[in-house]
Amino acid sequence: MNVIRGFATTFKHLLEEPVTYQYPEQIRPFAERYKGRHELKRYDNGLEKCIGCSLCAAACPADAIWVEAAENTDEARYSPGERYAKTYEINMLRCIFCGYCEDACPTEAIVLGHEHRLSFTNRKDAIFTKDMLIDPVPEGGQATPQKVEPGVFTRAIPDMEDPK
Amino acid sequence: MGVISSKLGNLGIVTTTLDEAVNWGRTGAMWPLLFGLACCAIEYMSTQASNYDLSRFGMELNRASPRQADLLIVAGRVSRKMAPVIRQLYDQMAAPKWVISMGDCASCSGVYNNYALVQGVDEIIPVDVYVAGCPPRPEQLIHGILALHEKVRGEHIKEWAS
């Protein structure tokens, strides 16, 4: 009797669906909070959210981020406020995807997305520059640098609303 | 050739070059070494398990002996005490052999910028593919393995048989 019960278990598993995800073709759904490759965000008008404050670089436990800031002018404006990130580099081989940069960012410019394809045959390819990280210009926005009216984009950090 | 194809039609004659045949064989059965160092090895184990199943890529089993392995996946941080061991394991592997540096610690020591750890396993052995992540998900490791397969497919006999 035990033999039959044992074989019944075996046959039950024979009829089950295989659990394997056929990875390159079929990707297992990621959790919403999964932290993948970074993305630098833009405002709706196309200006960059990053103001080059280097708080992300200071928060980074692995020293993976390198930011160099430069001054904005109204003729060539990259972001609201005084400064923007001229150089923004992340070494993906140093980054441990902890999300501290995301937490430190005062303008929510850097967000860890869901991109996970990060393998390199060369160590230099692992350094992602600003061009590779930044989001495309949204619909209706302008590419940076923009020429704007003086005195419009004076605040680096947007006005905050009280939580509802 | 012309006579055969005119008489028998297009047979779809396999015209693989020797390069392609050799590289097909190498990518089709690249057995990794049973070797893990730290938390990356946990993800490596789950890559081998049925949810992701590395057997689909010809990595049917992990060889416990470096003499029978083709691929060394350095999964985890490499301490200075471990460095000569890894070098010896790599030397004991028979050519052709490849190395994947899995995760941040093996690639450049990640957060551990200190005297106890080798700052990147490429200081002691040549690395073919670096996989980012801390630790990389099984998907990311498989992506690294596929990147290595791409690299192997680009190899030519003239380059290594001299």
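Predicted model: local features only at pLDDT ≥ 70, side-chain atom pairs only at ≥ 80, totals over all residues.
## A sheet built from both chains

An open sheet of 4 strands runs in the order β5(A)-β3(B)-β2(B)-β1(B). Its pairing is mixed.

Strand β1(B) runs parallel to β2 of chain B (residues 98-102), and 5 bridges join the two. Ala75(B) has Met102(B) in β2(B) as its bridge partner. Helix α3 of chain B (residues 40-48) packs on the sheet and touches β1 and β2 of chain B. The direction of α3 makes about 135 degrees with that of β1(B).

## Helix α2 of chain B

Helix α2 of chain B spans residues 18-28, and its buried residues are Asn23(B), Arg26(B) and Thr27(B). Seen down the axis of α2(B), these residues fall within an arc of 90 degrees, so they line one face of the helix. An α-helix has 3.6 residues a turn, so residues three or four places apart point the same way.

Lys130(A) lies in helix α4 of chain A (residues 130-133). The relative accessible area of Lys130(A) is 13%, below the 20% cut-off, so Lys130(A) counts as buried. Beyond its neighbours within four places in sequence, Lys130(A) is in contact with Leu40(A), Glu48(A), Tyr84(A), Ala85(A), Lys86(A) and Tyr88(A).

Glu139(B) lies in helix α6 of chain B. Glu139(B) is buried, with a relative accessible area of 1%. Leaving aside neighbours within four places in sequence, Glu139(B) is in contact with Tyr23(A), Arg28(A), Phe30(A) and His116(A), as well as Tyr52(B).

## Where the chains meet

In chain A, 25 residues are in contact with 30 residues of chain B. The area buried between the two chains is about 2500 Å². Carbon and sulfur atoms give 55% of that area. Tyr23(A), Leu93(A) and Arg123(A) supply 25% of the area that chain A buries against chain B, more than any other three residues.

The count of salt bridges between chain A and chain B is 1. Arg123(A) forms a salt bridge with Asp122(B), with the closest N and O atoms 2.7 Å apart.

Notes
Residues numbered from 1 in each chain as written. Chains lettered and ligands numbered in written order. Heavy atoms only, no water. Pairing = 2+ DSSP bridges. Contact = heavy atoms within 4.5 Å. Axes fitted to C-alpha atoms, helices over the stretch in contact; angles between N-to-C directions. Buried < 20%, exposed > 50% of the residue type's maximum accessible area, 1.4 Å probe, protein only. Arc of directions from axis to C-beta. Buried area = accessible area lost by both parts, 1.4 Å probe. Salt bridge = Lys/Arg side-chain N within 4 Å of Asp/Glu carboxyl O.
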